[in-house]
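Colleague: I am new to this model. Please take me through one part of it, a sheet, strand by strand.

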Amino acid sequence: MNIILLPQNTSSTAFIDDKTSVMHLKQVLKVTLGDTVKVGIENGHLGTAVVSNIYDSSIELSQIHCTIAPPAKLPLTVILAIPRPKVLRRLFLDMTAMGAQHIILVNSYRSEKSYWQTPFLTQLDNYIHEGLQQACDTVSPTVSLKKRLKPFVEDELPALIAGKQAILAHPYTNEQFTQVWDNALPHVLVIGAEGGWIDYEVELFKTAGCQAAHIGNRILRTENAVSVLCGHALLTSQ
């Protein structure tokens, strides 16, 4: 946690009462009265605030002064087959921290139907909040849930990828990811769940305009593939 993210309507003072932030301020930063901490206003600017009161379960900040623009989002959309619920937090935190602009969760053959009923899906905003605080950002990515893959790919994907380079991560293809990547274009990355995409899904995405490419001869977990692919987008955007 590298900033404390404050609500959008924050003006000159704010009360921090969520357990994670209070614990971080008290136990990690070990703040005392008068200390200056880094803050950001949701969908606004970055800056600083002064610790004006410390209570048992909350902290009051005052003299909030935010004038620094947040980092620009990457021109990146991630289409991700809904993964195991236990990795949702880590995936959304990482994609947010690396600057993905849009995140779309889709169904896939290898995604269990029960994944769509997990209570973890109701916590996505919290995971994004963590990612923003990690990256010193204030602007959340947009998130969409698409439970029917074929209608999404056939009816929505062609318009979504127009003017962009859409790359489907797939280990069983001849094209290498770093060789096909075009720095001049915005990108759409299509990443499967554990076990990847089945052949039917690969052809479905390719017909819609996606290019299949591999990232090496090792089969990675979903969270590792997300880190590698989004990390590449982050590095090449500099």
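Modeller: Strand E7 (residues 102-106) pairs with E8 in the parallel sense, over five bridges. Within that pairing, Ile-103 has Val-143 of E8 as its bridge partner. Strands (E, at least two residues) and helices (H or I, at least four) are DSSP runs numbered from the N terminus, and two strands pair if DSSP finds at least two bridges between them. The model is predicted, so local features need pLDDT of at least 70 and side-chain atom pairs pLDDT 80 or more, while totals for chains, interfaces and linings use all residues. Residues are numbered from 1 along each chain as its sequence is written, and side-chain values use heavy atoms, without hydrogens and water.

E7 and E8 belong to an open sheet of six strands in the order E8-E7-E6-E10-E9-E11, with parallel pairing. E8 (142-146) and E11 (211-213) are the edge strands; each has a single partner, so one side of each lacks a neighbour in the sheet.

Five bridges join E6 to E10, with Thr-77 opposite Val-188. Four bridges join E9 (residues 165-169) to E10, where Ile-167 has Leu-189 as its partner. In a regular strand, side chains alternate between the two faces of the sheet. Five of its five residues are buried, so E10 is largely enclosed by the rest of the structure.

Note on methods: Buried means under 20% relative accessible area, exposed over 50%, partly exposed in between (1.4 Å probe, protein chains only).
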